Amino acid sequence: MQRPEWLQWLDAQIVQIIYFIFAGKAYATFSLLFGFSFFIQLRNARRRGCDFRMRFAWRMLLLLAFAEFHSLFYNGDILTLYAVCGLILIPASSWKDRTVLLVGSFLMLQPWCWAKIIYALFNPDYIDNNSLFMQYAAPAEVAGRTGDLLQTLASNLTDGWLYSNVWQIEAGRLFQTPALFLFGMWLGRKKFFECSDSSRIFWKKALFVAIIASAILYPLKEFVPQHLTNITILSYYSIIAGMIYNFFFMICGGYFEIAKLTVGDFEGYCVGG
């Protein structure tokens with residue numbers, strides 16, 4: 001029985017609203033807190049006179065092993081990327097605060113996408129639609145819908161694994177994820193998750209900047225692509241605009257929760273460092 005048109009319209013509107021509020025924002029928030037949790041564990045270990053970095057490297061190795069097992073059953077796994085990108089926190093733990101912030105900002109700006117856009121500007125015949133993942137997505141989807149258990153496991157081990165990880169790279173997460181890890185560690189260092197006058201002032205300023213940036217970036221994200229005719233520029237511009245917009249919108253959406261958190265709230269998740 002076909003659903004009535006008004007119900008189809010309502011479903012579409014709900015999907016758009018949910019996508020607008022949550023798509024990319026939850027991932028960004030989780031990544032930010034991943035870096036912050038690393039800071040807490042590193043700090044707690046140093047207070048005990050221990051070097052947490054090698055233990056963290058071991059944990060990333062275990063996370064990678066779990067990610068590979070998980071990817072057998074779900075080809076949308078993000079943990080492989082987390083395990084790899086998380087390693088940047090080990091050398092970054094020795095960087096100065098300014099260096100952490102600068103490197104994180106550089107990565108957040110998606111330098112690979114900018115390089116592709118600049119190359120395309122000087123080489124108009126160059127075509128790159130940033131969709132290499134599609135050749136793996138199609139067979140992975142077929143296996144997931146029609147295959148038995150063994151066929152699905154085999155597909156997820158090959159096409160599914162490539163689909164998930166190539167998509168994440170092409171979606172800009174290879175740069176966004178370590179950037180957010182670094183930002184989270186920087187916020188911990190600066191004590192901006194502690195209840196203090198300085199942290200409240202910081203988050204109010206962050207909210208103001210995020211609102212302005214989101215208001216500017218939203219039309220750039222939604223309307224500029226309609227006027228881009230070069231497929232390479234369109235593909236990579238959409239990644240840049242979408243990623244940066246999601247970052248600032250995350251700050252807007254999470255402000256009221258983030259602003260009231262204290263370090264103590266998180267230490268309960270990091271017992272034992």
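Six salt bridges are found in this structure, which is a predicted model. Aromatic rings are also worth a look, as the structure holds 23 aromatic pairs. Here is a friendly tour of some of these pairings, with a stop at one loop leucine along the way.

**Salt bridges**

- Side chains of opposite charge can pair when their charged atoms come close.
- A salt bridge joins aspartate 128 to lysine 116, with 2.9 Å between the closest N and O atoms. Because aspartate 128 sits in the loop between α7 (111-122) and α8 (134-146) while lysine 116 belongs to helix α7, this pair ties together parts that are twelve residues apart in sequence. Aspartate 128 and lysine 116 are both buried.
- Another salt bridge links glutamate 141 with arginine 145, where the closest N and O atoms are 3.7 Å apart. The two partners are separated by about one helical turn, because glutamate 141 and arginine 145 are four residues apart in helix α8. Glutamate 141 has 49% relative accessibility, so it counts as partly exposed. Arginine 145 has 58% relative accessibility and therefore counts as exposed.
- In helix α11, arginine 200 and aspartate 197 are three residues apart, about one turn of the helix. Their side chains meet in a salt bridge of 2.8 Å, N to O. Arginine 200 is partly exposed, with a relative accessible area of 41%, whereas aspartate 197 counts as exposed at 55% relative accessibility.

- The structure's 23 aromatic pairs include one between phenylalanine 192 and phenylalanine 202. Their ring centres are 3.9 Å apart and their planes are at 5 degrees, so the pair is stacked: the cut-off for stacking is under 30 degrees.
- This pair links distant parts of the chain, ten residues apart: phenylalanine 192 is in the loop between α10 (173-189) and α11 (197-222), and phenylalanine 202 is in helix α11.
- Phenylalanine 192 counts as buried, because its relative accessibility is 11% and the buried class covers values under 20%. Phenylalanine 202, at 21% relative accessibility, counts as partly exposed.
- Phenylalanine 202 also forms an aromatic pair with tryptophan 203, and this one is edge-to-face, with 5.0 Å centre to centre and 75 degrees between the planes. Tryptophan 203 is buried, with a relative accessible area of 5%.

- Ring pairs link Tyr27, Phe30, Phe34, Phe38, Phe52, Phe56, Tyr82 and Phe181 into a cluster.

**Leucine 72 and its contacts**

- Leucine 72 lies in the loop between α3 (53-70) and α4 (79-85).
- Setting aside neighbours within four places in sequence, leucine 72 is in contact with Thr152, Leu153, Asn156 and Leu157.
- Leucine 72 and tryptophan 161 are 89 residues apart along the chain, and their C-alpha atoms are separated by 8.0 Å.

Definitions and conventions:
Residues are numbered from 1 along each chain as its sequence is written. This is a predicted model: local features need pLDDT of at least 70, side-chain atom pairs count only at pLDDT 80 or more; totals for chains, interfaces and linings use all residues. Side-chain values use heavy atoms; hydrogens and water are left out. Rings of Phe, Tyr and Trp (its six-membered ring) pair if their centres lie within 6.5 Å; planes under 30 degrees apart count as stacked, over 60 as edge-to-face and the rest as tilted. Helices (H or I, at least four residues) and strands (E, at least two) are DSSP runs, numbered from the N terminus. Buried means under 20% relative accessible area, exposed over 50%, partly exposed in between (1.4 Å probe, protein chains only). Contact means heavy atoms within 4.5 Å. A salt bridge is a side-chain nitrogen of Lys or Arg within 4 Å of a carboxyl oxygen of Asp or Glu.
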